[in-house]
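Good morning. I will go through one structure today, starting with a pocket, then the sheet, then a few aromatic rings. Please look at the sequence and the model on the screen.

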Amino acid sequence: MPEDARPDPATAEFVTHRNLLFTVAYEMLGSAADAEDVLQETWLRWATVDLDTVQNRRAYLVRITTRQALTRLRTLGRRRESYVGPWLPEPLLTAPDVADDVELADSLSMAMLLVLETLGPTERAVFVLREVFDLGYDEIAEAVDKSPAAVRQIAHRARAHVAARRPRDVVSAAETRDALQAFQRAVQTGDMQGLLDILAPDVVALSDGGGVKQAVPRPIVGADKVARLLSVGLARAGSALSFEPAQINGSPALILRLDGELDTVMAVRVENGLVSGLYAVRNPEKLSHVLQPTAVSLG
């Protein structure tokens, strides 16, 4: 490569860590579009930094990203209060190898991102940076403008909060895939008993249409109610509806197309071999990142 074609040091450093920075922002925000905006803001600030004064460039970039994501998260919190119907994270089409990294796949799952939504902004930032990315307390303290002692306390509270609400066991991609395939067979063949057999008794179904697409306005709880909802809804679509297996947020999921057009992304939560959570994202504004894989990283 000619010398003048090489990226400048600031650009090269940013590109090196871009996947990590995107993943930090996405796990803090649950929105790929907002994570991309945060990365743009991070780059604008990074481009003005004197690199000779930065000892740890990765840590510095993570700090900028975290601060920008925190600012946006507080704004999004107010926006989501007026959101029409249940709010679900924006799904990401991910490469197959993401599922091989159990820790990364678990942190990206719809179920986990919904648990993170129950944390306050600073708690969420501390939890993500400590539990997902294994950053040190001193490094996190600089990112969230707290003392290391305060960060330790926040991390302890956030860890307990998440532990009480997250799935008890990390489920392998193979187990999720098996349950999803049984679910898909039952739905496509109209096998009501097969559907009841694969749904957990206390399954919860959430649907996000964003006020643009039809969706159930509140969570549906219980295998009987969820099975009836699916049977009625899918019967209306008939043969115009097709199912396509995909890797969404590091886990097996389904992409539903109506007359060949992308209509819904359906992710699942699996516990003890049964589907305990169904997450159907129909809001068109949230479906742009399932058209091609998004690169994510813990390092």
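How many residues line the largest pocket, and which of them lie nearest its centre? Before I answer, note that this is a predicted model. The lining has 24 residues, and those nearest the centre are Gln214, Leu229, Gly233, Leu234 and Arg282. The space in this pocket is about 650 Å³.

Next, where the lining comes from. Five elements each supply at least two residues: strand S1 (199-208), helix H12 (223-237), strand S4 (251-258), strand S5 (261-271) and strand S6 (274-281). Helix H12 gives the most, with 8 residues. Sorted by class, the lining of the largest pocket has 17 nonpolar residues, 4 polar and 3 charged.

Now the sheet. It is open, has 6 strands and mixed pairing, and its order is S2-S1-S6-S5-S4-S3. Strand S2 (220-221) and strand S3 (241-248) are the edge strands, so each of them pairs on one side only.

On to the rings. For a pair of aromatic rings, we give the distance of the centres and the angle of the planes. How many aromatic pairs does a search of the whole structure find? It finds 3. I will take two of them.

Phenylalanine 22 and tyrosine 26 are both buried.

Another pair is tryptophan 46 with tyrosine 60, at 5.9 Å centre to centre and 50° between the planes, which is tilted. Tryptophan 46 belongs to helix H2 (residues 32-46) and tyrosine 60 to helix H3 (residues 57-80), so this pair ties together parts that are 14 residues apart in sequence. Is each of the two buried or exposed? Tryptophan 46 has 0% relative accessibility and so counts as buried. Tyrosine 60 has a relative accessible area of 24%, so it is partly exposed.

Arginine 130 lies over the face of tyrosine 137, at 4.2 Å from the ring centre.

That is my list. Questions, please.

Conventions:
Residues numbered from 1 in each chain as written. Predicted model: local features only at pLDDT ≥ 70, side-chain atom pairs only at ≥ 80, totals over all residues. Heavy atoms only, no water. 1 Å grid on protein atoms, 1.4 Å probe; cavity = no way out; pocket = protein on both sides within 12 Å on 5 of 7 lines; lining within 4 Å. Points joined across faces, edges and corners; volume = space filled by probe spheres on them. Helix = DSSP H or I, 4+ residues; strand = E, 2+ residues; numbered from the N terminus. Nonpolar A, V, L, I, M, F, W, Y, C, P; charged D, E, K, R; others polar. Phe/Tyr/Trp six-rings, centres within 6.5 Å; stacked < 30°, edge-to-face > 60°. Buried < 20%, exposed > 50% of the residue type's maximum accessible area, 1.4 Å probe, protein only. Lys NZ or Arg CZ within 6 Å of the ring centre and 35° of its normal. Pairing = 2+ DSSP bridges.
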